[in-house]
Structures are given as C-alpha cells and as structure tokens.
Amino acid sequence: MAEDVELWKLLRKPRMTSSTESAVSIDIIQQARLRRSREAHKRRHTDYATEFYGSIADKETKRQSVREMLKFQMRQQDESWRQQLRNRVAESIAASKEDKEHSEKHMKESKEHIKYLRQFRDGNKTVIELKAEQRRINRQKENAADREMLLHSPINWNKTLS
C-alpha cells in the first residue's frame, strides 16, 4: 500500500526529467507494472483452473461456468468468422458489380469508337472516290482536248518540240 502511495506521488509530479528520476523511482514504477501484469494474468487464467478442493457441487458449478464461458467464446468466434465471411462476400459482390459496370461501360465506349471509326472510314472512302471520279473526268477532258488538237495540228500539238 505504501508503494502505491509513493507511486501515486511519482505519477502526480508535473514532469519526470532526467534530473528528477532516480533508480528508486524507476524501480517502483517497474515493480508496479510487473504486479499489475501478474494480476491480469492471474485474472485471465484462474477461471480455467481445475479445482482440487471443495464440495462436488462447487466443483460442478465451477466446471459448468467454465463450459458456459467456453461456449460463449466459441459462439463469439463463430459469429466473428461468419461476419468476416459476410463482409468478404459483400465485398466480392460489390467488386464484381463494379467490374461488370466497368466492362459494360468499356464495351459501350468501344462500340461508339468503332462507330466513329466506321464513319471516318466511310467519309474517307467517299472523298477518295470523289477525287478518283474527278481525276477520271479531268483525264477524259484532257484526252478529248488532245484529240481535238491532234485533229487540227497533228505535229507538235502540245508545243513541246519548239
């Protein structure tokens, strides 16, 4: 009890600095920490200790309380496991739903892109066809003009020889 009072006085100090600490105070704190650790260990383990002494009814009461405690812990552990499983399943469903939405969105975007590329291709095709048609018409006109000139002046009709 006196150690607790001294410990309380040590803990009430505003600050522990290297000048105020001593081997004695450090030892008191260490002993109190060890004592609390031992008490906690004893509390955790005395509930499961088998009793060698006492009446049969007391022993049976103790065993029954231990069994109930163990059943309760098993139920808690089982419920915790089931909750984790439910969480994982929900997370998996959410991830698959998100993946499905993403793939549908990607499919829609790729279809739109393909449609755009087809329109671009078709536009280019019509432009190329129009240019080819224009070249064909120009070539026909030039050929007709050359034939016309050839009829009027058979030699050097395009004036390249002079």
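Mentor: D78 has a relative accessible area of 35%, so it counts as partly exposed. Bear in mind that this is a predicted model. The partner of D78 is R82: their side chains meet in a salt bridge, with 3.0 Å from N to O. R82 is partly exposed as well, because its relative accessibility is 46%, and the band for that class runs between 20% and 50%. Both residues belong to helix α3, where four residues, about one turn of the helix, lie between their positions. Elsewhere, salt bridges with shared partners link E60, R63 and R67 into one network.

E60 and R63 are joined by a salt bridge between their side chains, at 3.3 Å from N to O. Why can these two be partners along a helix? They are three residues apart in helix α3, which means that about one helical turn separates them. The general rule behind this is that an α-helix has 3.6 residues a turn, so residues three or four places apart point the same way. E60 also forms a salt bridge with R67, and here the closest N and O atoms are 3.0 Å apart.

E60 has a relative accessible area of 34%, so it is partly exposed. R63, at 43%, is partly exposed too, and R67 falls into that class with 40%. For the whole structure, the search finds six salt bridges; those described here are among them, including the one between R82 and D78.

Next, the surroundings further along. W81, L85, V89 and I93 form a nonpolar patch on the surface, and together they have about 400 Å² of accessible area. L85 is a residue of helix α3, which spans residues 56–152. Its relative accessibility is 41%, so L85 is partly exposed. W81 has a further contact with a charged residue: R88 lies over the face of W81, at 5.0 Å from the ring centre.

As for the setting, the protein chain has three helices and zero strands, and its elements run α-α-α from the N terminus on. Of its 162 residues, 5% count as buried. Helix α2 (residues 23–46) supplies some buried positions: S25, I28, A32 and A40. That helix has 24 residues and reaches 34 Å from its first C-alpha to its last, close to the 34 Å expected at 1.5 Å a residue.

Definitions and conventions
Residues numbered from 1 in each chain as written. Predicted model: local features only at pLDDT ≥ 70, side-chain atom pairs only at ≥ 80, totals over all residues. Heavy atoms only, no water. Helix = DSSP H or I, 4+ residues; strand = E, 2+ residues; numbered from the N terminus. Expected span 1.5 Å × (residues − 1). Buried < 20%, exposed > 50% of the residue type's maximum accessible area, 1.4 Å probe, protein only. Patch = residues over 30% accessible without salt bridge, like charges linked within 9 Å, V, L, I, M, F, W, Y side chains within 5 Å. Areas by Shrake-Rupley, 256 points an atom, 1.4 Å probe, with all protein chains shown as cover. Salt bridge = Lys/Arg side-chain N within 4 Å of Asp/Glu carboxyl O. Lys NZ or Arg CZ within 6 Å of the ring centre and 35° of its normal.
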